[in-house]
Amino acid sequence: MKRNRGAAVCAALLCLLSGCAGSTGYAQQNTVALVVKSTETEFWLSVFAGAEAAATEYNLTLTITGPDAEEDYETQNQMVDEAVRAGAQAIVFSAIDYENNAAAIDAAAKAGVKIVAIDSNVASDAVSTYIGTDNYAAGQMAAQAALDRVGGMLRVGIVNYDINSANGQEREQGARDLLEASGRAEIVSVINTLSEAGYSKVDTATLLREHPEINVLIAFNEPTSVGASRAVEQMGLEDGVFLVGFDSNVATVDALQEGSVDALIVQNPYAMGYLGVESAYRLLSGQSGDVERIVDTSTQTVDRENLFEVDSQKVLFAFDSR
């Protein structure tokens with residue numbers, strides 16, 4: 001009885017000395033801020049699901065913020081500053097603007113915050129790891145999807161988003177290089193539209209009216225793909241224009257089945273969110289040696305022929321699975 005009572009007293013003293021929180025017995029949680037481009041699309045909702053799963057697994061406090069518009073890097077910079085002032089110890093970040101987001105990230109790192117980049121990188125040496133798609137390779141996948149499925153000469157229109165977003169520009173460069181190397185493709189025109197389906201629809205329709213020779217369209221993210229598919233459908237060009245889009249949601253998958261989209265380059269946003277928060281945890285817990293500098297999440301081409309295969313269904317509807 002005396003030995004048991006003495007052990008209990010020692011345990012209580014050890015708990016107090018090691019910083020146990022009151023009567024709960026749990027150490028204070030680390031705080032991770034996830035600051036992204038948008039909070040609206042299904043792509044980002046899948047990122048959030050992965051991030052929340054990792055936060056639960058590693059006992060982290062997680063905050064999620066993002067601007068209303070994917071072009072609003074100034075608000076995103078303010079959100080980074082607010083996260084630092086609120087006590088975030090790590091920031092998981094997807095940059096709207098490769099250059100113009102850098103100063104905010106540098107300032108956060110100077111304040112002692114660990115930085116993880118996901119989806120779209122930023123021009124800062126403070127980034128410990130980048131987790132996301134190999135965007136150059138994904139752009140090449142989009143071009144290859146068209147080259148493999150369209151015979152003869154390809155006359156290509158490119159529908160991209162913010163010209164200062166690193167991932168969009170890397171995807172475009174990958175597509176350009178492969179199309180030019182093929183010897184049977186001409187890039188007729190490139191447009192940069194706002195990353196919102198309504199704007200993409202209007203701008204894609206204008207592109208197609210001005211260049212009726214276009215027989216291939218490539219759109220490089222979820223909102224531009226949705227807008228481009230709606231333009232193709234509205235203009236009745238399903239049989240004349242081969243559209244390669246990016247990412248999956250109800251609209252793009254329906255369009256793939258119905259014919260206004262012909263192939264999708266599908267990323268793994270759930271993994272980006274999960275691995276981003278997991279990497280933040282490792283950095284905060286002194287496991288930086290286990291954090292790789294670059295982590296390439298999986299990307300897959302889905303078309304009508306493989307749409308209902310198990311592997312395609314897993315990537316199209318990976319919202320709640322790692």
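## The largest cavity

The largest cavity of this predicted model has a volume of about 100 Å³, where a cavity is, on a 1 Å grid over the protein atoms alone, a set of points where a 1.4 Å probe fits but cannot get out, and where a volume is the space filled by probe spheres set on the points, with grid points joined across faces, edges and corners. By this rule the count comes to 1 cavity of 30 Å³ or more.

The lining of the largest cavity consists of 14 residues, and F43, W44, D119, N221 and D247 are those that lie nearest its centre; a lining residue has an atom within 4 Å of a point. Helices α2 (42–57), α6 and α8 (222–234) each supply at least two residues of this lining, helices being DSSP runs of H or I with at least four residues and strands DSSP runs of E with at least two, both numbered from the N terminus.

## Basis of the values

Because the model is predicted, local features need pLDDT of at least 70 and side-chain atom pairs count only at pLDDT 80 or more, while totals for chains, interfaces and linings use all residues. Residues are numbered from 1 along each chain as its sequence is written, and side-chain values use heavy atoms, with hydrogens and water left out.

## The sheet

An open sheet of 6 strands has the order β7-β6-β8-β9-β10-β12, and its pairing is mixed; two strands pair if DSSP finds at least two bridges between them. Strands β7 and β12 (300–303) stand at the edges with a single partner strand each, so one side of each is left without a neighbour in the sheet. From one strand to the next, the twist averages 20°.

Strand β6 (residues 154–160) is mostly covered, with 6 of its 7 residues buried, that is, under 20% relative accessible area by a 1.4 Å probe on protein chains only. Parallel to β6 runs strand β7 (residues 185–192), joined to it by 7 bridges, and A185 in β7 is the bridge partner of L154. Strand β8 (residues 216–219) is also parallel to β6, with 4 bridges between them, and here V159 has A219 as its bridge partner. A further 3 bridges join β8 to strand β9 (residues 242–246), again in parallel, and V216 stands opposite F242 in β9.

## Helices against the sheet

Helix α5 (residues 135–149) packs on the sheet, where it touches β6, β8, β9, β10 (263–266) and β12, and its direction makes about 155° with that of β9; contact means heavy atoms within 4.5 Å, and angles run from 0 to 180 degrees between N-to-C directions of lines fitted to C-alpha atoms, for helices over the stretch in contact. Helix α6 lies across β6, β7, β8 and β9, running at about 165° to β7.

Together, β6, helix α6 (residues 166–182) and β7 make a right-handed β-α-β unit, in which, with the strands pointing away from the viewer, the path from the first strand over the helix to the second runs clockwise.

## A pocket and a buried glutamate

About 150 Å³ of space lies in the second largest pocket, a pocket being an open set with protein on both sides within 12 Å along at least five of seven lines. Its lining includes N121, Y130, E170 and D296. Two or more residues of this lining come from each of β5 (127–132) and β11 (294–296), and β11 gives the most, with 3 residues.

Residue E278 lies in helix α10 (residues 269–284) and counts as buried because its relative accessibility is 9%. Leaving aside residues up to four places away in sequence, E278 touches A54 and Y58.

Key: Buried < 20%, exposed > 50% of the residue type's maximum accessible area, 1.4 Å probe, protein only.
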